[in-house]
Amino acid sequence: MREVKQKPSQKPFTQKKWFWPVAYSSMALMIVAVIFSFTALYESQEEKELLTEVTAPVEETIIPTSTAQETLKYPFKEQYLSEVTILQDFYDVTKDEATRENALLVFNQVFTTSTGVSIAINSEPFEVVAAMSGEVTEVKMDSFTGNMITLTHPNGMQTRYNSVADILVKQGDKVSQGEPIATSQENEWNPTAGIHLHFEVVENGVLVNPNKYLSF
């Protein structure tokens, strides 16, 4: 009988020299592929978000503009302007002698310079209105010198209304330009003026001539 030669048994794949290098290479390729896919996906998402931000309609920001700045107006209804009498002017050393004399107040034979204008309308009580919108920062009751209302305005100016009665506002109130705030009256400090309004304007903390803004 012929002797049958046995074939040598084959080695497992894991024991072959080429197996592990190929396996490592394949795993490395898979890892690189996963990283590449993740990076590409992330960059694609970023591009989409950026494109959305660029193409998204921009909402208009509406910045409210301040209303037209008010200018000082008369402390009475303008319809009575032709009937107004200026009893005393603001004392201004640069004015002529007659104007300066008309800006002097006399009480018990003591002269005092006028810090505003004293206004009368037909020697009768008249409605006093806010010369400019603002806040009531003081209401002073004084029967001797005359009750006084002080308004402080957004531009920093103040207006003062002296010798008033029937006051319609209180400290802290907000008033609009032209809004009634009181009624003119007489006082003991300036009795010769009769029923009148003594109107003052304060600018940067200093009393100024109302005629700087108004033509009486």
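1. Basis of the model. The structure is predicted, so that local features need pLDDT of at least 70 and side-chain atom pairs count only at pLDDT 80 or more, whereas totals for chains, interfaces and linings use all residues. Residues are numbered from 1 along each chain as its sequence is written, and side-chain values use heavy atoms, with hydrogens and water left out.

2. Overall fold. The protein chain has two helices and 12 strands, taken as DSSP runs (helices H or I, at least four residues; strands E, at least two) and numbered from the N terminus. In sequence order the pattern reads α-β-α-β-β-β-β-β-β-β-β-β-β-β. Of the 216 residues, 30% count as buried; buried is under 20% relative accessible area, exposed is over 50%, and partly exposed lies in between (1.4 Å probe, protein chains only). With contact defined as heavy atoms within 4.5 Å, 61% of the contacts between residues at least 6 apart in sequence join residues at least 24 apart.

3. Nonpolar core. A nonpolar core is a set of buried Ala, Val, Leu, Ile, Met, Phe, Trp, Tyr and Cys residues joined through side-chain atoms within 4.5 Å. The largest one has 27 residues, and those with the most contacts inside it are Ile119, Ile149, Tyr161, Ile181, Leu197 and Phe199. At least two residues of this core come from each of β4 (117-121), β7 (147-152), β8, β10 (180-184) and β11.

4. Ile149 and Ile181. Ile149 lies in strand β7 and counts as buried because its relative accessible area is 0%. Its C-alpha atom is separated by 8.5 Å from that of Ile181, 32 residues apart along the chain. Neighbours within four places in sequence aside, the contacts of Ile149 include Val136, Thr159, Tyr161, Val164, Ile167 and Ile181.

5. Aromatic pairs. Rings of Phe, Tyr and Trp (its six-membered ring) pair if their centres lie within 6.5 Å; planes under 30 degrees apart are stacked, over 60 edge-to-face, and the rest tilted. By this rule there are four aromatic pairs. Tyr161 and Phe199 form a tilted pair, with 5.4 Å from centre to centre and 50° between the planes. This pair links distant parts of the chain, Tyr161 being in strand β8 (residues 158-165) and Phe199 in strand β11 (residues 197-203), 38 residues apart. Tyr161 counts as buried because its relative accessibility is 0%, and Phe199 is likewise buried, with a relative accessible area of 0%.

6. The cluster at Phe126. Ring pairs link Tyr74, Phe76 and Phe126 into a cluster. Phe126 is found in the loop between β4 and β5 and is buried, with a relative accessible area of 7%. The C-alpha atoms of Phe126 and Thr183 are separated by 5.6 Å, although the two are 57 residues apart along the chain. Beyond four places in sequence, Phe126 is in contact with Phe76, Ile119, Ala120, Ile121, Ala182, Thr183, Ser184 and Leu197.

7. Largest pocket. On a 1 Å grid over the protein atoms alone, a pocket is an open set of points where a 1.4 Å probe fits, with protein on both sides within 12 Å along at least five of seven lines; lining residues have an atom within 4 Å of a point. The largest pocket holds about 280 Å³ of space. Its lining comprises 18 residues, of which Thr145, Asn162, Trp189, His198 and Glu200 lie nearest the centre. Elements giving two or more residues to this lining are β3 (110-113), β8 and β11.

8. Asn162 is found in strand β8 and is buried, with a relative accessible area of 11%. Residues up to four places away not being counted, Asn162 touches Asn147, Met148, His196, Leu197, His198 and Glu200.

9. Positive phi angles. Asn122, although not a glycine, has a positive phi of about 55°; it is found in the loop between β4 and β5 (127-129). Its relative accessible area of 44% makes Asn122 partly exposed. Asp166, also not a glycine, has a positive phi of about 50° and its place is in the loop between β8 and β9 (174-175). Asp166 counts as exposed because its relative accessibility is 56%.

Notes:
Points joined across faces, edges and corners; volume = space filled by probe spheres on them.
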